[in-house]
Amino acid sequence: MSSILRIALQKSGRLSEDSYQLFKECGIRFDYGTGKLKSVSSNFPAEFLFLRDDDIPGYVEDGVADLGIVGENVAVESTHQVETVHRLGFSKCRLSLAIPRATDWNGIHDLAGKSIATSYPRILGNYLQEKQISAEIHEISGSVEIAPGIGLAEAICDIVSSGSTLLSNGLKEVEVIFRSEAILIARPTLEAEKQTLLEKLLFRIKAVQAAKN
Ligand code: ATP
Ligand code: ZN
């Protein structure tokens with residue numbers, strides 16, 4: 001029986017275009033952006049599934065997909081057991097702490113006893129523990145940057161790229177706690193045939209990356 005790799009990609013968002021480009025540069029053709037949920041490659045034994053990025057680690061762990069591309073922030077925050085196979089170098093961003101612009105900042109210890117709103121409670125929790133700071137983590141799923149303005153929290157921890165969202169919400173970035181980029185993840189126990197296909201794919205990805213450097 002011939003195997004096929006099932007690869008989960010973000011349906012539409014900040015990872016989508018570069019993920020698609022990567023496979024294109026690897027010479028792997030498939031339909032993309034047609035609104036379909038999946039697409040079989042016409043020239044490589046792979047089938048692509050288009051999903052929300054947050055669901056990808058779970059699908060990879062469960063074996064619905066063999067591989068996936070997600071932001072490292074999503075993989076690290078997730079409780080699902082997946083393996084990081086390769087760093088892809090795109091969709092770079094940082095997870096930072098921010099506070100109201102008018103508030104003084106003398107360092108991370110200023111957060112002791114404060115409440116911090118975030119969609120990344122695990123990454124933030126680990127960071128605070130490492131720094132031996134006890135603060136209250138307030139988990140919210142979106143629009144984290146409005147939390148201080150509405151009195152929900154005294155600080156936030158969120159993804160920052162340009163900083164303009166922070167600025168328009170009267171916040172300032174005070175500490176970077178995590179740097180992220182897109183990564184290729186895999187189920188830790190791939191069957192031998194799929195492992196061979198993954199190695200073929202990785203060989204091509206590395207060649208594409210080498211040609212760019
Ligand atoms: P989905 O609808 O698939 O759940 P999403 O809104 O959660 O999408 P995106 O905003 O598309 O996700 O971001 C996907 C990933 O891109 C993030 O997890 C992060 O790794 C990366 N990223 C890069 N720059 C940014 C940014 N400025 N803001 C948010 N994420 C960014
Ligand atoms: Zn998402």
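Predicted model: local features only at pLDDT ≥ 70, side-chain atom pairs only at ≥ 80, totals over all residues.
Residues are numbered from 1 along each chain as its sequence is written, and chains are lettered from A and ligands numbered from 1 in the order in which they are written. Local features need a pLDDT of at least 70 and side-chain atom pairs count only at pLDDT 80 or more, whereas totals for chains, interfaces and linings use all residues. The chain averages a pLDDT (the predictor's confidence in each residue, from 0 to 100) of 96, and 100% of the residues score at least 70. For the complex, the predictor gives an ipTM of 0.96 and a pTM of 0.95.

An open sheet of mixed pairing is formed by 6 strands in the order E2-E3-E1-E4-E11-E5. Strands (E, at least two residues) and helices (H or I, at least four) are DSSP runs numbered from the N terminus, and two strands pair if DSSP finds at least two bridges between them. Strands E2 (38–40) and E5 (83–87) each have a single partner strand, so one side of each is left without a neighbour in the sheet. E5 runs antiparallel to E11 (residues 182–186), to which 4 bridges join it; Glu 83 has Ala 186 of E11 as its bridge partner.

Helix H1 (residues 16–25) lies across E1 (5–10), E4 (67–71) and E11. Helix H6 (residues 192–212) lies across E1, E4, E5 and E11. Contact requires C-beta atoms, placed from the backbone, within 7 Å.

Around ligand 1 there are 15 residues, of which Gly 13, Arg 14, Gly 71, Cys 93 and Ser 161 come nearest; a residue is near if its C-beta atom, placed from the backbone, lies within 6 Å.

Technical notes: Contact = placed C-beta atoms within 7 Å. Axes fitted to C-alpha atoms, helices over the stretch in contact; angles between N-to-C directions.
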